[in-house]
Amino acid sequence: MPMKAKEKEIILRSIKAWELASVTLEEDRIRRIREADVKGTLDAFDGMVELYLASRPSRTTSGLVEQQAWFRRMYR
């Protein structure tokens, strides 16, 4: 079914709007990257990992024995 002139106009205006917005969005993305608090984010992430690890019981094995058992079952 052919596209009506009104539909085509709406689509073309939408494309133009996104082309204009893309410039602003890209500038905002670059600004956010430059202003990002990388050290603070890494410190927070490290803190979350440490908290998680502290809440888990210590492992008695590396899991290698279990992995090899799975491989052996899959091989058969």
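Where in α1 is the kink of about 25° centred? The kink is centred on A21. The legends below take this and other close-ups in turn.

This is a predicted model, in which local features need pLDDT of at least 70, side-chain atom pairs count only at pLDDT 80 or more, and totals for chains, interfaces and linings use all residues. Residues are numbered from 1 along each chain as its sequence is written, and side-chain values use heavy atoms, with hydrogens and water left out.

**Figure 1. Overall view of the protein: three helices and zero strands.**
From the N terminus on, the elements run α-α-α. Helices (H or I, at least four residues) and strands (E, at least two) are DSSP runs, numbered from the N terminus. The C-alpha trace spans about 70 × 45 × 15 Å along its principal axes. The radius of gyration is 27 Å, whereas a compact globule of 76 residues would have one near 11 Å. That radius is taken over C-alpha atoms, and the globule rule is 2.2 Å times the number of residues to the power 0.38. Buried residues make up 3% of the 76 residues. Buried means under 20% relative accessible area, exposed over 50%, and partly exposed in between (1.4 Å probe, protein chains only).

**Figure 2. Helix α1 and its kink at A21.**
Helix α1 covers residues 5-35, 31 residues in total. From first C-alpha to last it reaches 45 Å, close to the 45 Å expected at 1.5 Å a residue. The expected span is 1.5 Å times one less than the number of residues. The kink in α1 is about 25°. The bend at a residue is the angle between axes fitted to the seven residues ending there and the seven starting there.

**Figure 3**
A salt bridge is a side-chain nitrogen of Lys or Arg within 4 Å of a carboxyl oxygen of Asp or Glu. By this rule the count comes to six salt bridges. An α-helix has 3.6 residues a turn, so residues three or four places apart point the same way. E26 is partly exposed, at 34% relative accessible area. R29 is also partly exposed, at 43%.

**Figure 4. A network of salt bridges links D28, R31, R32 and E35.**
D28 is partly exposed, with 26% relative accessibility. R31 counts as partly exposed too, at 37%.

**Figure 5. Helix α2 and the pair D43 and K39.**
Helix α2 covers residues 38-55 and has 18 residues. It reaches 26 Å from first C-alpha to last, close to the 26 Å expected at 1.5 Å a residue. Of its 18 residues the number buried is zero, so α2 lies largely in the open. The side chains of D43 and K39 meet in a salt bridge (2.9 Å, N to O). These two are four residues apart in α2, separated by about one helical turn. D43 is partly exposed, at 44% relative accessible area, whereas K39 is exposed, at 58%.

**Figure 6. F45 in helix α2.**
F45 is exposed, with a relative accessible area of 51%. F45 and M1 are 44 residues apart in sequence. In space, C-alpha to C-alpha, F45 and M1 are 54 Å apart.

**Figure 7. R73 over the face of W70.**
R73 lies 4.8 Å from the ring centre of W70. A charge sits over a ring if NZ of Lys or CZ of Arg is within 6 Å of the ring centre and within 35 degrees of the ring normal.
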